[in-house]
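Hi,

Here is the structure I promised to send over.

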Amino acid sequence: MANPTREDERFMAAALRLARHHLGQTSTNPSVACLIVKDGIVVGRAVTASSGRPHAEAQALAEARERARRATAYVTLEPCSHHGKTPPCADALVAAGVARVVISILDPDERVAGRGVVRLRDAGITVDIGLLPEEGHRALEAYLMRQVSKRPHVTLKLAISADGMIGRKGAGQVRITGPISRAQVQILRAQSDAILVGIGTATADDPELTVRLPGLEDRSPVRIVLDRRLDLSPGSKLVRSARDVPLIVVSGEPSGQPELEPAGDRAGRRAALEAAGVEVLETGSVADLLTALGSRGISSLLVEGGAVAARAFLESGLVDRIQIYTGPQQIGENGIASPFDRKSVPAGFTLVNSARYGDDLFEEYEREN
Ligand code: AOF
Ligand code: ZN
(Lines give C-alpha, C1' and ligand atoms only; values in the text may rest on other atoms or scores of the structure.)
(Ligands and ions follow the chains in the order given, each with its own letter.)
Protein backbone atom coordinates (compact mmCIF):
# COMPACT_ATOMS: atom_id res chain seq x y z
CA MET A 1 0.00 0.00 0.00
CA ALA A 2 1.48 3.35 -1.04
CA ASN A 3 2.03 6.06 1.57
CA PRO A 4 0.00 4.85 4.55
CA THR A 5 -0.45 7.45 7.29
CA ARG A 6 0.92 6.97 10.81
CA GLU A 7 -2.67 6.54 11.93
CA ASP A 8 -3.27 3.78 9.37
CA GLU A 9 -0.19 1.93 10.60
CA ARG A 10 -1.11 2.37 14.23
CA PHE A 11 -4.62 0.97 13.80
CA MET A 12 -3.50 -1.93 11.62
CA ALA A 13 -0.74 -2.78 14.11
CA ALA A 14 -3.37 -2.82 16.88
CA ALA A 15 -5.62 -5.08 14.79
CA LEU A 16 -2.72 -7.46 14.12
CA ARG A 17 -1.88 -7.64 17.83
CA LEU A 18 -5.48 -8.53 18.59
CA ALA A 19 -5.49 -11.20 15.87
CA ARG A 20 -2.26 -12.73 17.21
CA HIS A 21 -3.69 -12.93 20.71
CA HIS A 22 -6.38 -15.27 19.47
CA LEU A 23 -4.14 -17.56 17.44
CA GLY A 24 -5.15 -21.16 17.95
CA GLN A 25 -8.57 -20.26 19.29
CA THR A 26 -10.56 -19.86 16.06
CA SER A 27 -9.64 -23.05 14.24
CA THR A 28 -10.29 -24.00 11.49
CA ASN A 29 -10.90 -20.36 10.66
CA PRO A 30 -8.02 -17.90 10.79
CA SER A 31 -7.86 -15.44 13.68
CA VAL A 32 -8.80 -12.16 11.97
CA ALA A 33 -9.23 -8.80 13.69
CA CYS A 34 -11.22 -5.73 12.66
CA LEU A 35 -11.14 -2.18 13.99
CA ILE A 36 -13.77 0.35 12.92
CA VAL A 37 -12.40 3.87 13.28
CA LYS A 38 -14.41 7.09 13.02
CA ASP A 39 -12.68 10.49 13.26
CA GLY A 40 -9.62 8.88 14.86
CA ILE A 41 -11.63 7.00 17.49
CA VAL A 42 -12.12 3.22 17.65
CA VAL A 43 -15.88 2.65 17.61
CA GLY A 44 -15.83 -1.11 16.99
CA ARG A 45 -13.20 -3.74 17.68
CA ALA A 46 -13.43 -7.49 17.36
CA VAL A 47 -11.63 -10.70 16.52
CA THR A 48 -13.01 -13.88 14.96
CA ALA A 49 -15.06 -15.63 17.64
CA SER A 50 -13.86 -18.83 19.31
CA SER A 51 -14.44 -21.79 17.04
CA GLY A 52 -14.53 -19.48 14.01
CA ARG A 53 -17.82 -17.63 13.87
CA PRO A 54 -19.11 -14.95 13.84
CA HIS A 55 -16.33 -13.33 11.83
CA ALA A 56 -14.49 -10.25 13.10
CA GLU A 57 -16.18 -7.65 10.89
CA ALA A 58 -19.73 -8.66 11.82
CA GLN A 59 -18.96 -8.27 15.53
CA ALA A 60 -17.04 -4.99 15.13
CA LEU A 61 -19.92 -3.54 13.08
CA ALA A 62 -22.42 -4.66 15.71
CA GLU A 63 -20.43 -2.75 18.30
CA ALA A 64 -20.05 0.36 16.13
CA ARG A 65 -23.72 0.42 15.03
CA GLU A 66 -24.57 3.72 13.24
CA ARG A 67 -21.10 5.10 13.96
CA ALA A 68 -19.80 2.78 11.22
CA ARG A 69 -21.29 5.11 8.60
CA ARG A 70 -18.43 6.85 6.71
CA ALA A 71 -15.89 5.19 9.04
CA THR A 72 -12.71 3.30 8.10
CA ALA A 73 -12.48 -0.44 8.75
CA TYR A 74 -9.04 -1.96 9.35
CA VAL A 75 -9.04 -5.72 8.75
CA THR A 76 -6.08 -8.07 8.93
CA LEU A 77 -7.54 -10.34 6.18
CA GLU A 78 -9.68 -9.49 3.16
CA PRO A 79 -13.36 -9.52 4.21
CA CYS A 80 -15.11 -12.63 3.01
CA SER A 81 -17.56 -12.61 0.10
CA HIS A 82 -18.96 -16.12 0.36
CA HIS A 83 -22.20 -17.27 1.91
CA GLY A 84 -20.88 -19.74 4.47
CA LYS A 85 -22.38 -20.43 7.85
CA THR A 86 -22.54 -16.64 8.27
CA PRO A 87 -23.36 -13.94 5.64
CA PRO A 88 -20.48 -12.27 3.75
CA CYS A 89 -18.55 -9.64 5.73
CA ALA A 90 -18.05 -7.56 2.58
CA ASP A 91 -21.86 -7.20 2.31
CA ALA A 92 -22.08 -6.22 5.97
CA LEU A 93 -19.44 -3.49 5.50
CA VAL A 94 -21.34 -2.17 2.46
CA ALA A 95 -24.67 -2.20 4.31
CA ALA A 96 -23.14 -0.36 7.26
CA GLY A 97 -21.98 2.46 4.96
CA VAL A 98 -18.25 2.42 5.73
CA ALA A 99 -16.27 4.77 3.49
CA ARG A 100 -12.93 2.95 3.43
CA VAL A 101 -11.55 -0.51 4.12
CA VAL A 102 -7.84 -1.09 4.78
CA ILE A 103 -6.63 -4.69 4.40
CA SER A 104 -3.31 -6.23 5.37
CA ILE A 105 -3.50 -9.55 3.47
CA LEU A 106 -5.71 -10.81 0.62
CA ASP A 107 -7.57 -14.05 1.35
CA PRO A 108 -6.39 -17.03 -0.74
CA ASP A 109 -9.52 -19.05 0.16
CA GLU A 110 -10.87 -19.86 -3.29
CA ARG A 111 -14.36 -18.79 -2.21
CA VAL A 112 -12.99 -15.28 -1.56
CA ALA A 113 -9.68 -14.63 -3.42
CA GLY A 114 -10.21 -10.98 -4.32
CA ARG A 115 -14.00 -11.11 -4.56
CA GLY A 116 -14.33 -9.39 -1.19
CA VAL A 117 -12.35 -6.43 -2.56
CA VAL A 118 -14.40 -6.32 -5.78
CA ARG A 119 -17.64 -6.34 -3.80
CA LEU A 120 -16.47 -3.39 -1.67
CA ARG A 121 -15.14 -1.37 -4.61
CA ASP A 122 -18.29 -2.00 -6.66
CA ALA A 123 -20.23 -0.36 -3.83
CA GLY A 124 -18.01 2.74 -4.02
CA ILE A 125 -15.89 1.96 -0.95
CA THR A 126 -12.19 2.95 -1.06
CA VAL A 127 -10.10 -0.18 -0.53
CA ASP A 128 -6.40 -0.04 0.38
CA ILE A 129 -4.55 -3.36 0.29
CA GLY A 130 -1.22 -4.47 1.75
CA LEU A 131 -0.72 -2.44 4.93
CA LEU A 132 1.98 -4.01 7.17
CA PRO A 133 2.12 -7.08 4.91
CA GLU A 134 4.99 -8.81 6.72
CA GLU A 135 3.29 -8.58 10.10
CA GLY A 136 0.01 -9.61 8.47
CA HIS A 137 1.65 -12.61 6.89
CA ARG A 138 3.16 -13.61 10.23
CA ALA A 139 -0.18 -13.31 12.04
CA LEU A 140 -1.82 -15.48 9.37
CA GLU A 141 1.10 -17.76 8.49
CA ALA A 142 -0.52 -20.99 9.58
CA TYR A 143 -3.78 -20.25 7.79
CA LEU A 144 -1.96 -19.15 4.64
CA MET A 145 0.21 -22.29 4.66
CA ARG A 146 -2.80 -24.59 4.79
CA GLN A 147 -4.73 -22.63 2.15
CA VAL A 148 -1.81 -22.37 -0.27
CA SER A 149 0.28 -25.51 0.39
CA LYS A 150 -2.48 -27.78 1.75
CA ARG A 151 -0.44 -28.65 4.82
CA PRO A 152 0.05 -27.18 8.30
CA HIS A 153 2.75 -24.67 9.17
CA VAL A 154 5.40 -26.60 11.14
CA THR A 155 7.32 -25.28 14.15
CA LEU A 156 10.10 -27.43 15.59
CA LYS A 157 10.80 -26.66 19.26
CA LEU A 158 13.91 -27.87 21.05
CA ALA A 159 14.92 -27.39 24.70
CA ILE A 160 18.67 -27.96 24.83
CA SER A 161 21.17 -28.01 27.69
CA ALA A 162 24.35 -25.95 27.54
CA ASP A 163 26.22 -29.07 26.37
CA GLY A 164 23.80 -29.78 23.52
CA MET A 165 21.60 -32.46 25.11
CA ILE A 166 17.82 -32.77 25.08
CA GLY A 167 17.58 -35.30 27.91
CA ARG A 168 19.33 -38.06 29.81
CA LYS A 169 19.04 -41.73 28.90
CA GLY A 170 16.66 -43.59 31.18
CA ALA A 171 15.90 -40.50 33.26
CA GLY A 172 12.39 -39.64 32.07
CA GLN A 173 11.61 -35.94 31.94
CA VAL A 174 14.67 -33.82 32.67
CA ARG A 175 14.30 -30.11 33.43
CA ILE A 176 16.42 -28.25 30.94
CA THR A 177 14.78 -24.84 30.89
CA GLY A 178 13.33 -22.54 33.53
CA PRO A 179 9.77 -21.43 34.34
CA ILE A 180 9.57 -18.58 31.82
CA SER A 181 10.58 -20.82 28.92
CA ARG A 182 8.12 -23.46 30.05
CA ALA A 183 5.33 -20.88 30.17
CA GLN A 184 6.28 -19.73 26.67
CA VAL A 185 6.00 -23.30 25.44
CA GLN A 186 2.56 -23.57 27.02
CA ILE A 187 1.51 -20.46 25.08
CA LEU A 188 2.97 -21.94 21.92
CA ARG A 189 0.95 -25.12 22.50
CA ALA A 190 -2.23 -23.10 23.01
CA GLN A 191 -1.60 -21.34 19.69
CA SER A 192 -1.06 -24.61 17.81
CA ASP A 193 -3.74 -26.81 16.31
CA ALA A 194 -1.69 -29.95 16.86
CA ILE A 195 1.39 -31.02 18.78
CA LEU A 196 3.60 -34.00 17.90
CA VAL A 197 6.20 -36.16 19.63
CA GLY A 198 7.97 -39.37 18.71
CA ILE A 199 7.33 -42.68 20.48
CA GLY A 200 10.70 -42.43 22.27
CA THR A 201 9.67 -39.21 24.00
CA ALA A 202 6.15 -40.47 24.65
CA THR A 203 7.57 -43.55 26.37
CA ALA A 204 10.44 -41.93 28.27
CA ASP A 205 8.58 -38.83 29.49
CA ASP A 206 4.98 -40.11 29.71
CA PRO A 207 3.80 -36.56 28.93
CA GLU A 208 0.21 -35.41 28.69
CA LEU A 209 0.94 -32.68 26.10
CA THR A 210 -1.98 -30.53 27.20
CA VAL A 211 -2.16 -26.81 27.87
CA ARG A 212 -2.03 -25.99 31.57
CA LEU A 213 -2.32 -22.21 31.51
CA PRO A 214 -5.04 -20.65 33.64
CA GLY A 215 -7.98 -19.84 31.37
CA LEU A 216 -6.58 -21.79 28.44
CA GLU A 217 -7.03 -25.34 29.74
CA ASP A 218 -9.59 -26.08 27.04
CA ARG A 219 -7.22 -24.92 24.31
CA SER A 220 -5.29 -28.16 24.18
CA PRO A 221 -4.28 -29.04 20.64
CA VAL A 222 -4.76 -32.42 19.02
CA ARG A 223 -1.91 -34.65 20.18
CA ILE A 224 0.01 -36.79 17.72
CA VAL A 225 2.57 -39.54 18.38
CA LEU A 226 4.82 -40.94 15.65
CA ASP A 227 4.70 -44.60 16.55
CA ARG A 228 5.42 -46.78 13.54
CA ARG A 229 5.06 -50.09 15.40
CA LEU A 230 2.20 -49.07 17.72
CA ASP A 231 4.32 -49.35 20.86
CA LEU A 232 2.44 -46.65 22.81
CA SER A 233 1.27 -48.11 26.11
CA PRO A 234 -2.50 -48.13 26.74
CA GLY A 235 -1.58 -47.12 30.31
CA SER A 236 0.26 -43.93 29.24
CA LYS A 237 -1.15 -40.54 30.24
CA LEU A 238 -1.61 -39.77 26.55
CA VAL A 239 -3.84 -42.77 25.94
CA ARG A 240 -5.70 -42.43 29.24
CA SER A 241 -6.68 -38.84 28.37
CA ALA A 242 -7.62 -39.63 24.75
CA ARG A 243 -11.33 -39.28 25.39
CA ASP A 244 -10.85 -35.71 26.65
CA VAL A 245 -8.22 -34.44 24.22
CA PRO A 246 -7.91 -36.10 20.81
CA LEU A 247 -4.90 -38.35 20.28
CA ILE A 248 -3.70 -39.58 16.90
CA VAL A 249 -1.12 -42.35 16.70
CA VAL A 250 0.69 -42.36 13.36
CA SER A 251 1.75 -45.88 12.61
CA GLY A 252 2.98 -45.90 9.05
CA GLU A 253 2.74 -48.99 6.93
CA PRO A 254 3.82 -52.16 8.71
CA SER A 255 7.40 -52.70 7.65
CA GLY A 256 6.82 -56.21 6.34
CA GLN A 257 10.12 -57.13 7.97
CA PRO A 258 9.30 -59.38 10.91
CA GLU A 259 12.59 -58.66 12.70
CA LEU A 260 11.63 -54.99 12.94
CA GLU A 261 8.24 -55.73 14.44
CA PRO A 262 8.13 -56.22 18.20
CA ALA A 263 6.72 -59.39 19.62
CA GLY A 264 3.00 -59.51 19.98
CA ASP A 265 0.08 -58.82 17.87
CA ARG A 266 -0.07 -55.57 15.99
CA ALA A 267 -3.79 -55.84 15.29
CA GLY A 268 -4.39 -56.41 18.99
CA ARG A 269 -2.34 -53.34 19.95
CA ARG A 270 -4.24 -51.30 17.43
CA ALA A 271 -7.57 -52.50 18.75
CA ALA A 272 -6.55 -51.68 22.34
CA LEU A 273 -5.59 -48.12 21.36
CA GLU A 274 -8.79 -47.63 19.39
CA ALA A 275 -10.88 -48.98 22.25
CA ALA A 276 -9.35 -46.22 24.41
CA GLY A 277 -10.50 -43.56 21.95
CA VAL A 278 -7.21 -43.18 20.07
CA GLU A 279 -7.27 -42.65 16.32
CA VAL A 280 -4.70 -44.73 14.46
CA LEU A 281 -3.52 -43.17 11.22
CA GLU A 282 -1.57 -45.27 8.74
CA THR A 283 0.59 -43.00 6.69
CA GLY A 284 3.99 -43.19 5.06
CA SER A 285 6.16 -40.07 4.88
CA VAL A 286 6.18 -36.85 6.87
CA ALA A 287 4.85 -35.12 3.75
CA ASP A 288 1.90 -37.54 3.57
CA LEU A 289 1.19 -37.05 7.25
CA LEU A 290 1.17 -33.26 6.84
CA THR A 291 -1.18 -33.48 3.87
CA ALA A 292 -3.53 -35.68 5.92
CA LEU A 293 -3.46 -33.20 8.81
CA GLY A 294 -4.04 -30.25 6.46
CA SER A 295 -7.10 -31.92 5.00
CA ARG A 296 -8.53 -32.19 8.53
CA GLY A 297 -8.22 -28.44 8.98
CA ILE A 298 -5.04 -28.49 11.08
CA SER A 299 -3.15 -25.31 10.18
CA SER A 300 -0.32 -25.30 12.70
CA LEU A 301 1.76 -28.19 14.01
CA LEU A 302 4.24 -27.97 16.87
CA VAL A 303 6.91 -30.69 16.84
CA GLU A 304 8.16 -31.04 20.41
CA GLY A 305 10.67 -33.86 20.13
CA GLY A 306 12.56 -35.94 20.57
CA ALA A 307 15.66 -36.28 18.46
CA VAL A 308 14.23 -38.89 16.09
CA ALA A 309 11.05 -36.96 15.32
CA ALA A 310 13.04 -33.72 14.96
CA ARG A 311 15.39 -35.38 12.46
CA ALA A 312 12.52 -36.90 10.47
CA PHE A 313 10.90 -33.49 10.09
CA LEU A 314 14.16 -31.73 9.25
CA GLU A 315 14.97 -34.32 6.61
CA SER A 316 11.54 -33.83 5.05
CA GLY A 317 12.44 -30.17 4.44
CA LEU A 318 9.01 -29.20 5.77
CA VAL A 319 9.99 -27.35 8.94
CA ASP A 320 9.04 -23.67 8.66
CA ARG A 321 10.18 -22.33 12.03
CA ILE A 322 12.64 -23.51 14.69
CA GLN A 323 12.54 -22.40 18.31
CA ILE A 324 15.53 -23.21 20.48
CA TYR A 325 15.46 -22.76 24.25
CA THR A 326 18.97 -23.18 25.63
CA GLY A 327 19.26 -23.78 29.37
CA PRO A 328 22.35 -23.01 31.48
CA GLN A 329 23.24 -26.43 32.90
CA GLN A 330 25.22 -29.39 31.58
CA ILE A 331 23.61 -32.82 31.29
CA GLY A 332 26.92 -34.58 30.91
CA GLU A 333 27.03 -38.35 31.08
CA ASN A 334 24.26 -40.35 29.41
CA GLY A 335 23.00 -37.25 27.65
CA ILE A 336 20.77 -37.64 24.62
CA ALA A 337 22.28 -35.46 21.93
CA SER A 338 20.12 -32.92 20.16
CA PRO A 339 20.18 -33.20 16.35
CA PHE A 340 21.68 -29.70 16.43
CA ASP A 341 22.08 -26.80 18.84
CA ARG A 342 22.21 -23.01 18.58
CA LYS A 343 25.72 -23.17 17.13
CA SER A 344 24.79 -25.67 14.43
CA VAL A 345 21.34 -24.70 13.17
CA PRO A 346 20.71 -26.35 9.78
CA ALA A 347 21.42 -24.29 6.67
CA GLY A 348 18.46 -22.49 5.16
CA PHE A 349 17.19 -20.95 8.41
CA THR A 350 17.57 -17.31 9.49
CA LEU A 351 17.51 -15.94 13.03
CA VAL A 352 14.40 -13.74 13.37
CA ASN A 353 14.01 -13.33 17.12
CA SER A 354 15.93 -13.85 20.35
CA ALA A 355 15.31 -13.17 24.03
CA ARG A 356 16.49 -14.02 27.54
CA TYR A 357 13.98 -15.98 29.57
CA GLY A 358 15.50 -16.00 33.04
CA ASP A 359 18.68 -18.05 32.72
CA ASP A 360 17.65 -19.43 29.32
CA LEU A 361 18.40 -18.11 25.88
CA PHE A 362 15.55 -18.23 23.37
CA GLU A 363 16.26 -18.11 19.65
CA GLU A 364 13.81 -18.37 16.80
CA TYR A 365 14.65 -19.19 13.19
CA GLU A 366 12.56 -19.03 10.06
CA ARG A 367 12.99 -21.02 6.88
CA GLU A 368 14.40 -18.85 4.12
CA ASN A 369 12.33 -18.30 0.92
C1 AOF B 1 -13.64 -12.79 7.43
N2 AOF B 1 -13.55 -12.46 8.74
O3 AOF B 1 -13.05 -12.96 10.86
C4 AOF B 1 -12.61 -14.59 9.24
C5 AOF B 1 -12.67 -14.89 7.85
O6 AOF B 1 -16.54 -21.43 7.29
P7 AOF B 1 -16.84 -19.96 7.17
O8 AOF B 1 -18.06 -19.66 6.38
O9 AOF B 1 -16.80 -19.26 8.49
O10 AOF B 1 -15.66 -19.36 6.29
C11 AOF B 1 -14.33 -19.57 6.59
C12 AOF B 1 -13.50 -18.64 5.72
O13 AOF B 1 -13.78 -17.30 6.10
C14 AOF B 1 -12.01 -18.81 5.90
O15 AOF B 1 -11.47 -19.79 5.06
C16 AOF B 1 -11.55 -17.43 5.46
O17 AOF B 1 -11.62 -17.34 4.06
C18 AOF B 1 -12.60 -16.54 6.03
N19 AOF B 1 -12.24 -16.08 7.39
N20 AOF B 1 -13.15 -13.96 7.00
O21 AOF B 1 -14.19 -12.03 6.64
C22 AOF B 1 -13.07 -13.31 9.66
N23 AOF B 1 -12.14 -15.48 10.15
ZN1 ZN C 1 -16.41 -12.89 6.94
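Predicted model: local features only at pLDDT ≥ 70, side-chain atom pairs only at ≥ 80, totals over all residues.

Below is what I found when I went through it.

**Overall build.** The protein chain contains twelve helices and 16 strands. Its C-alpha trace spans about 70 × 45 × 35 Å along the principal axes. As for burial, 43% of the 369 residues count as buried. Taking contacts with a separation of 6 or more, 73% are between residues 24 or more positions apart.

**Around the ligand.** Ligand 1 has 19 residues around it, and the ones that come nearest are Val-32, His-55, Cys-80, Gly-84 and Asp-109. If you sort that shell by class, you get eight nonpolar, six polar and five charged residues.

**The annotated site.** An unreviewed UniProt entry carries a "binding site" annotation on Arg-189, Leu-209, Arg-212 and Glu-304. I looked at two of these in detail.

- Leu-209 sits in the loop that runs between helix H8 (199–205) and strand S9 (222–226).
- Glu-304 lies in the loop between strand S12 (300–303) and helix H12 (307–316). Glu-304 is buried because 24 other C-beta atoms fall within 10 Å. With its neighbours within four places in sequence set aside, Glu-304 is in contact with Lys-157, Ile-195, Leu-196 and Val-197.

In soluble globular proteins, nonpolar side chains tend to be buried together. Here the largest nonpolar core has 50 residues, and those touching the most other members are Leu-196, Val-225, Leu-232, Val-249, Val-303 and Phe-313. Strand S6 (residues 153–160) supplies the largest share of this core, with five residues. A second, separate core is made up of 47 residues, including Cys-34, Ala-64, Val-117 and Leu-140.

Phe-313 is worth a click too: leaving out neighbours within four places in sequence, Phe-313 is in contact with Val-154, Leu-156, Val-286, Val-303, Leu-318 and Val-319.

Cheers

Key: Residues numbered from 1 in each chain as written. Chains lettered and ligands numbered in written order. Helix = DSSP H or I, 4+ residues; strand = E, 2+ residues; numbered from the N terminus. Buried ≥ 20, exposed ≤ 12 C-beta atoms within 10 Å, placed from the backbone. Contact = placed C-beta atoms within 7 Å. Near = placed C-beta within 6 Å. Nonpolar A, V, L, I, M, F, W, Y, C, P; charged D, E, K, R; others polar. UniProt positions renumbered as here; feature names shortened; annotations may be inferred. Core = buried A, V, L, I, M, F, W, Y, C linked by C-beta atoms within 7 Å.
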